[in-house]
Amino acid sequence: MEPVQGTLDELGTPLSDVTFVVFDLETTGGSPAEHMITEIGAVKVRAGEVLGEFSTLVDPGGPIPPFISVLTGITDAMVVAAPRIESVLPSFLEFIRGSTLVAHNAGFDTRFVKAACAAHGYPPPANPVVDTVDLARRVLTRDETPNAKLSTLARFFRSPTDPCHRALEDARATVHVLHGLIERAGSFQVHTLEELKSFVRAPTPEQQSKRHLAESVPHSPGVYLFEDERGEVLYIGKSTNLRNRVRSYFTAGETRPRIREMIGIAERVRHIVCSTALEAEVRELRLIGGAKPRYNRKSRFPEKVVWLKLTDEPFPRLSIVREVRDDGAAYLGPFSSARLADDARNALHEALPLRQCTQPITARTRRTACVLHEMGRCGAPCEGKQSQADYAVHVETARRAMLLDASPVYQAVSARMERLAVEQRYEEASVDRDRLAAFVRAAARMQRLTAITAIPQLVAAAPAFDGGWEIHVIRYGRLAAAGVMPRGAHPTPFVASLTATAEAVIPGPGPVHAASAEETECILRWLESPGVRLVEVDGQWSLPARGAARHKARIDLAYRGLDQARGREGRPLR
């Protein structure tokens, strides 16, 4: 009997026969355990034809946070007469029955649906799930789209519906994105639902052919460097187990398009064994900052930071600068961009009537004041209406807000946000929210950095896996030495030997003068981890009693849901 060629139907379900339900949720935050659904939107499609739509607001049973209302436009007044989730859920589950679910960053939406089912006695949906974020990362390159955000993909595929953080509109936009991605996947010979699901995680031929590069890498903590045939460093990473981490790049678990592209170019993997995981993390940062590998996205340019400077002159002003000098001025930062520094500056200007002009002013300067004086936002020292002593009061408050106590700025900007929210001027309130967050986070970060970079030498230890101790010597916020003391060894001579051979570090001006801010923050995270013990501290390690950290906790709590909601749009492609 002659063999018969199989059909697509025998290989799987053709995509043209699959019923997709593309859905989107709006919520009061990012955690299904703490937050509730406020809107459901879904579109049922098959073979490119819309079969039906499902849309409803949902009463979350409590107030919607103002920052969520700013993002989605959904207010308490809009949901007060809406049904509760227990009334909506049965209809939605019936709508999706027998379909394949599709969502943009599907994990977010499906977690909320499963949580609602668990809370009201329904089994979780067993529908297959397709995530358009994962699919976009598989079939698109950064040359085509810079990231996998829904708004970016909707523009790329010319969706007639613009995403706007409303459930049905976002679901409609995702339908067009899905169709565009399926068309792209067809060029990879993906024609069935089963092929579509496996396609996203399938290793490339290049990955499979390069598995031998991991053979000489040891099972030790350290740093690995992918290099091309000319020896150019393509990518740098770190791990507590070098062999396992490097091998993972040649499996289906590695789905990042840019990394898969890098694997195709790589010809060797060089490794540097480190004593501890912290040493590996620090070495990774230093190597990335020095080599600037093209396939690393983070930490490539530690020198490209900016600072907010309260100048040292008769009538100081706030200026954005590229470097910290030993000039007696107060500095806030570092900021990763001038935009964030400008946001922090605007927050300070909202709280304090510091001059915003750039021309030098002395006690003898006389010129016409600008409109800020008429608005009550500047005392007009340029006209002589404000003495240097009176102006100095505001300068000292700004200096304290930057270095010690952020309360005046926090209170002033918060009051303005509340006033704008009452007037339903949500877009303006969101601008002030971001400005306040930029200032508070920068102040809290700098105060943490300043506390440790002022210490000439700090020695700390943490238990190692084999019963020994990981010992680190930190000087002015820089890792100067690392070692592992064997189990049973006497600590005094070991620590003395380690400190004697540690790197000499020379102090300088500013909060971070001996290392990058990222390196010092890595050290701080390790110092604050469970089990770490201080062996020696040369000086005092403390934070301001009324520092910005207490305000940052509130800011982070408010942003947690907002950041997760934004994260649903997808991280950059490569």
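This is a predicted model: local features need pLDDT of at least 70, side-chain atom pairs count only at pLDDT 80 or more; totals for chains, interfaces and linings use all residues.
Biologist: Good to see you! How many disulfides does the structure hold?

Modeller: A disulfide needs two cysteine sulfur atoms within 2.5 Å. The sulfur of Cys-522 is 13 Å from the closest cysteine sulfur, in Cys-274, which is too far for a bond. Cys-274 is in no disulfide, and the count comes to 0 disulfides.

Biologist: Thanks! Is Cys-274 buried or exposed?

Modeller: Happy to check. Buried means under 20% relative accessible area. Cys-274 has a relative accessible area of 5%, so Cys-274 is buried.

Biologist: Now the open sheet of 3 strands: which strands stand at its edges?

Modeller: The strands are ordered E7-E6-E8, with antiparallel pairing. Two of them have a single partner strand each, so one side of each is left without a neighbour in the sheet. The edge strands are E7 (233–239) and E8 (268–273).

Biologist: Nice. What is the bridge partner of Tyr-224 in E7?

Modeller: Strand E6 covers residues 222–227 and runs antiparallel to E7. The two strands are joined by 6 bridges. In E7, Tyr-224 has as its bridge partner Gly-237.

Biologist: At about what angle to E7 does the helix lying across E6 and E7 run?

Modeller: That helix is H12, residues 257–265. H12 runs, relative to E7, at about 115°.

Biologist: And which helix packs on the sheet, touching E6, E7 and E8?

Modeller: The direction of this helix makes about 165° with that of E7. The helix spans residues 277–291 and is H13.

Biologist: Which charged end sits over the ring of Phe-95?

Modeller: The charge counts as sitting over a ring if, among other things, NZ of Lys is within 6 Å of the ring centre. Here the charged end is 4.6 Å from the centre of the Phe-95 ring, and it belongs to Lys-44.

Biologist: Last one! Why is the pair of Phe-108 and Phe-112 tilted?

Modeller: Both residues are buried, and they are 4 residues apart in helix H5, about one helical turn. Their ring centres are 5.1 Å apart. The pair is tilted because the planes are at 45°.

Definitions and conventions
Residues are numbered from 1 along each chain as its sequence is written. Side-chain values use heavy atoms; hydrogens and water are left out. Buried means under 20% relative accessible area, exposed over 50%, partly exposed in between (1.4 Å probe, protein chains only). Two strands pair if DSSP finds at least two bridges between them. Contact means heavy atoms within 4.5 Å. Axes are lines fitted to C-alpha atoms, for helices over the stretch in contact, and angles run from 0 to 180 degrees between N-to-C directions. Rings of Phe, Tyr and Trp (its six-membered ring) pair if their centres lie within 6.5 Å; planes under 30 degrees apart count as stacked, over 60 as edge-to-face and the rest as tilted. A charge sits over a ring if NZ of Lys or CZ of Arg is within 6 Å of the ring centre and within 35 degrees of the ring normal.
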